Every structure is written in structure tokens, then in C-alpha cells.
Amino acid sequence: MQVIFHMGAHATDDDQIVRTLSKNFRLLRTLETFVPAPKNYRMVLRDALLSLKGGPADQATQDAIVTACTPHEHVSRLIFSHEFFLCIPDRVITPQGFYAMAPSKLGPLANLFPDADVEFHMALINPATLVTQLVARQPKKTYREIICDLDPRSLRWAPVIREMVAAANGKRIVLWCNEDLPLIWPEVLRRVGGLPAETPIWGEEVILEQIMVPEGLERLRAYIASHPPQTIAQRRKIVAAFLDKFVRHDEIEIEAPLPHWTEDLIDDITALYDLDVAEIAEMDGVEFIAP
């Protein structure tokens, strides 16, 4: 059995992947792939993780988890999703650093199904965007409390992913950038769902619907209908051209109403993020979905 843990990161998904894949339940059922409703398993997984304390689950525990997810006996691929797999939001940044707890979570998750083919999937996000989202989501905490007096430039993804790769103990880590989703969303859906590239699926325009003006999306649909792209690269080129003209800039621009944040600081953080992404994409043990 294949087990996929989609782990966020925070402020990147809001359950969109599992909601979209679940709309394709008939297709997935033919492949014995199941995307259970998060409410069916999140407490079950939490209780199992607490009970096991990082150790491998016995067959009874594994069967109990699967039973909570689906009544079907034959399961080839099971997909779990929760940004809290990494940590709760107020532990994203701690005095120990950026996502300091994340690497330690992979072993216990994998041990829920010690004999399965386990993969960890996750979107990276520009720390400049992430910090603003963390502040917005935690109104009872001050910016200083959330940032833990760290320099925002120190919030680096490359060291985190390097440690996660080591902790994964050979299990595949599949990554992409949240900022690239408008161009790679169909590929992300298929990779998480284990679906062949040529398989038609519902929901390929979910992200574009959120960030494009309606007129632009209708024009894009009409263009693709009359000029069907022959490759993924061609589709991305077409989508990029329409996004350039019809994107809703309020949906993609980073606003930084944070103490002492300037455009220069955002540019610095973004430049470091770009460097980290380039390094991560070349790491052994990482499969990177790039536009």
C-alpha cells in the first residue's frame, strides 16, 4: 500500500488538494485510491501517534486507521493531509529556528504504516508571505512573539528540507512552490493522487478561478478549446500568457503591514527564498515539481 502524507506547509492549501481530489472519487475508486475526509482520521492519527511515541504500529493499529478512513477492503493508495503534521502554527517559528520541529515528525508518521510505501508531499512558501499569514491567523499574539526576535532573513527553507530528507530515511519527499500553483496545479493533483498524466480530472482550474478575473478565465478556456496544448509545457506557456493579462493582483501581491518591514526587506527574503528553492530542487531524495 502507498501512503501519502500531504503536510502543508502552513498557509498554502486550506484542504484544497483533498477537497479537489475527493470530487474525483469515482476515478480514484477504480484505482483503489482513497482520500478520506479529514474529520474521519485526524483524531485517529493523533491518538495513534501519541500512543506509539514514534514506534512502529502493529497490524491492529494500522487496520483501525484504515477502517476509520474507508469501508473498502482493498486499498492501494491512502492520502492524508494536514498542515499540523509539521507543527501547530505557533511552532512554525521558535527560538530554535524555522520549522525546527518538522524533521522529527517524519519518522513517527512513517511508522504508522511501517511496511507501506510512504511519501511526504509539501508546498514551500515564501517566508515573507508566510509570516504575514501567521500574524493574521494569530491575532492574540504580537508580531514580536510570533517572530521570536529572529531576523526574518534567517527563515530559510534549505536547511529545513535538508534535515527532513535525512529524517525521511530514504522515503520520497515531493515538493513544489505554492507560488507556482497556477502553472502546476494539474500536475500536483495528479502526483498526490497517483494519477496518470493523461487522465482527465475534475478541478484543474480551481487555482485559476481564484486568481483570474472571470473574463480572462473564459478567454483562456476558449483558447485552449480551439488550440489544445500538446504538452504540459505548452499548457503552462498559454496559462502564463493569460495570467500576465488577467491576473487579480490583489490575490498574489505580498502586503506587509508588519513592524519595521519594508519593500527592501521583502525583496531580501524573497531573494533568499529563491536561492533555497534552487538548492532544494537539486537535493537527493527530493522530487521537485517545477513550472
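User: In helix 5 (residues 102-110), which residues are buried, and how do you know that they line one face of the helix?

Analyst: In this predicted model, the buried residues of helix 5 are Ala102, Pro103, Leu106, Leu109 and Ala110. Seen down the axis of helix 5, these buried residues fall within an arc of 120°, so they line one face of the helix.

User: What do the buried residues of helix 5 pack against?

Analyst: They pack against strand 1 (2-6), helix 3 (38-52), strand 6, helix 8 and strand 7.

User: What makes strand 1 largely enclosed by the rest of the structure?

Analyst: A residue is called buried when its relative accessible area is under 20%, and 4 of the 5 residues of strand 1 are buried, so strand 1 is largely enclosed by the rest of the structure.

User: Why are strand 1 and strand 3 said to pair?

Analyst: Pairing requires at least two bridges between two strands, and strand 1 and strand 3 have 5 bridges in the parallel sense, so by that definition they pair. Across this pairing, phenylalanine 5 stands opposite phenylalanine 80 in strand 3. Strand 1 is also joined to strand 6 by 5 bridges, and these two strands run parallel; here isoleucine 4 has glutamate 119 of strand 6 as its bridge partner.

User: What is the order of the strands in the open sheet, and why is strand 2 (33-34) called an edge strand?

Analyst: The open sheet has 6 strands in the order 2-3-1-6-7-8, with parallel pairing. Strand 2 and strand 8 (286-289) are the edge strands, as each pairs on one side only. Strand 2 is joined to strand 3 (residues 77-81) by 2 bridges, and the definition asks for at least two, so this counts as a pairing. Phenylalanine 34 stands opposite leucine 78 in strand 3.

User: Why is threonine 33 called buried?

Analyst: Threonine 33, which is found in strand 2, has a relative accessibility of 6%, and the limit for a buried residue is under 20%, so threonine 33 counts as buried. Leaving aside its neighbours within four places in sequence, threonine 33 is in contact with Leu28, Arg77, Ile79 and Gly193.

User: How do you know that valine 75 is buried, and what does valine 75 touch?

Analyst: Valine 75 lies in the loop between helix 4 (59-69) and strand 3. Its relative accessible area is 14%, which is set against a limit of under 20%, so valine 75 is buried. Not counting residues up to four places away in sequence, valine 75 touches Met1, Glu32, Phe34, Val66 and Thr70.

User: Is threonine 270 called buried, partly exposed or exposed, and why?

Analyst: Threonine 270 is in helix 14, and its relative accessibility is 22%. Buried would mean under 20% and exposed over 50%, so threonine 270 counts as partly exposed. Helix 14 (residues 263-281) itself lies across strand 6, strand 7 and strand 8, running at about 125° to strand 8.

User: Why is the aromatic pair of phenylalanine 98 and tryptophan 157 called edge-to-face?

Analyst: There are 11 aromatic pairs in the structure, and the rings of phenylalanine 98 and tryptophan 157 form one that is 5.0 Å centre to centre, with 75° between the planes. Rings pair if their centres lie within 6.5 Å, and planes over 60 degrees apart count as edge-to-face, so the pair is edge-to-face. Phenylalanine 98 lies in strand 5 (residues 97-98) and tryptophan 157 in helix 8, so the pair ties together parts that are 59 residues apart in sequence. Phenylalanine 98 is buried at 8% relative accessible area, and tryptophan 157 is buried at 1%.

User: Which residues of helix 12 are buried, and why are they said to line one face?

Analyst: The buried residues are Arg235, Arg236, Ile238, Val239, Phe242, Leu243 and Phe246. Seen down the axis of helix 12, they fall within an arc of 160°, so they line one face of the helix. On the other side of helix 12, Ala233, Lys237, Asp244 and Lys245 are exposed. What covers the buried residues includes helix 9 (181-193), helix 10 (206-211) and helix 11 (214-226).

Methods
Residues are numbered from 1 along each chain as its sequence is written. This is a predicted model: local features need pLDDT of at least 70, side-chain atom pairs count only at pLDDT 80 or more; totals for chains, interfaces and linings use all residues. Side-chain values use heavy atoms; hydrogens and water are left out. Buried means under 20% relative accessible area, exposed over 50%, partly exposed in between (1.4 Å probe, protein chains only). The arc is that of the directions from the helix axis to the C-beta atoms. Contact means heavy atoms within 4.5 Å. Axes are lines fitted to C-alpha atoms, for helices over the stretch in contact, and angles run from 0 to 180 degrees between N-to-C directions. Rings of Phe, Tyr and Trp (its six-membered ring) pair if their centres lie within 6.5 Å; planes under 30 degrees apart count as stacked, over 60 as edge-to-face and the rest as tilted.
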